[in-house]
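User: Hi! Could you walk me through this structure with a few questions and answers?

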Amino acid sequence: MPPIPGSGLAKGLAVTLRTMTKRAHTAQYPEVQPELPPRSRGVIGLFEENCTVCMLCARECPDWCIYIDSHKETVPAAAPGGRERSRNVLDRFAIDFSLCMYCGICIEVCPFDALFWSPEFEYAESDIHDLTHERDKLREWMWTVPAPPALDPAAEEPKEVAAARKAVEKAEAAAAAARAAAAETSPGTPPTTAPEADA
């Protein structure tokens with residue numbers, strides 16, 4: 001059966017009429033801040049103390065938008081006769097957000113948890129060159145990183161936590177055994193001997 005002429009127009013007008021009777025949902029930004037999802041990707045925050053200048057994030061970045069400069073410092077020996085050691089010191093850590101595609105590879109590959117996602121998204125600039133943010137700005141964003149979600153109570157205990165707990169329990173058991181041994185051999189304690197049988 002061929003369609004009735006004008007039925008498509010009638011359907012379109014019906015949709016328009018239904019929409020006209022509904023209240024519009026307008027986001028009043030920037031007066032009202034949006035409710036972002038918990039895992040939203042805004043900017044990347046830098047926790048500078050954890051960075052060892054391994055350069056892994058810069059090497060793995062597909063856009064080459066991470067710039068790192070560093071120098072080596074000699075650390076004196078901790079004990080007499082020890083050996084001096086050298087360590088990398090971070091001089092510059094910058095991310096060009098005009099190139100960044102927010103893939104998160106740098107955060108995933110960082111072995112020392114120095115990079116984190118921050119939900120901050122209000123960093124528009126009138127000049128594209130101002131979108132290269134240095135480590136001071138990245139550190140400011142670090143304090144806006146939300147806390148990680150709580151672990152599932154039924155989840156398996158992490159290996160590191162289990163190993164630390166077993167070590168503490170072993171140390172406490174050894175200390176208790178040492179206290180018990182010291183209490184048995186202390187001079188103020190009378191010797192524990194069996195009573196003599198009556199002759």
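This is a predicted model: local features need pLDDT of at least 70, side-chain atom pairs count only at pLDDT 80 or more; totals for chains, interfaces and linings use all residues.

User: Glad to have it open. How do the residues of the lining of the largest pocket divide into nonpolar, polar and charged?

Analyst: Residues are numbered from 1 along each chain as its sequence is written, and side-chain values use heavy atoms, with hydrogens and water left out. Ala, Val, Leu, Ile, Met, Phe, Trp, Tyr, Cys and Pro count as nonpolar, Asp, Glu, Lys and Arg as charged, and the others, Gly among them, as polar. On that basis the lining of the largest pocket has 12 nonpolar, two polar and four charged residues.

User: Which element gives the largest share of that lining, and which residues lie nearest the pocket's centre?

Analyst: A pocket here is an open set of points on a 1 Å grid over the protein atoms alone, where a 1.4 Å probe fits, with protein on both sides within 12 Å along at least five of seven lines; lining residues have an atom within 4 Å of a point. Helices (H or I, at least four residues) and strands (E, at least two) are DSSP runs, numbered from the N terminus. The largest share of the lining, four residues, comes from β4. Nearest the centre of the largest pocket lie Arg 39, Phe 116, Trp 117, Val 145 and Pro 146.

User: In what order do the three strands of the open sheet run?

Analyst: Two strands pair if DSSP finds at least two bridges between them. β2 and β3 (residues 85-96) are antiparallel over 10 bridges, with Lys 72 opposite Asn 88 and Val 75 opposite Arg 85. β3 and β5 are also antiparallel, over two bridges, and Ile 95 has His 133 as its bridge partner. The order of the open sheet is therefore β2-β3-β5.

User: Which parts does the aromatic pair of Phe 47 and Trp 143 tie together, and how many residues apart in sequence are they?

Analyst: Rings of Phe, Tyr and Trp (its six-membered ring) pair if their centres lie within 6.5 Å; planes under 30 degrees apart count as stacked, over 60 as edge-to-face and the rest as tilted. Phe 47 and Trp 143 are edge-to-face, at 6.3 Å centre to centre and 85° between the planes. Phe 47 lies in the loop between β1 (43-46) and α2 (56-60) and Trp 143 in the loop between α4 and α5 (159-185), so the pair ties together parts that are 96 residues apart in sequence.

User: Which residue other than glycine has a positive phi, near 70°?

Analyst: Look in the loop between β1 and α2. The residue there with phi near 70° is Met 55.

User: Which peptide bond is cis?

Analyst: Look at Pro 30, in the loop between α1 (7-20) and β1. With omega near 10°, the cis bond runs from Tyr 29 to Pro 30.
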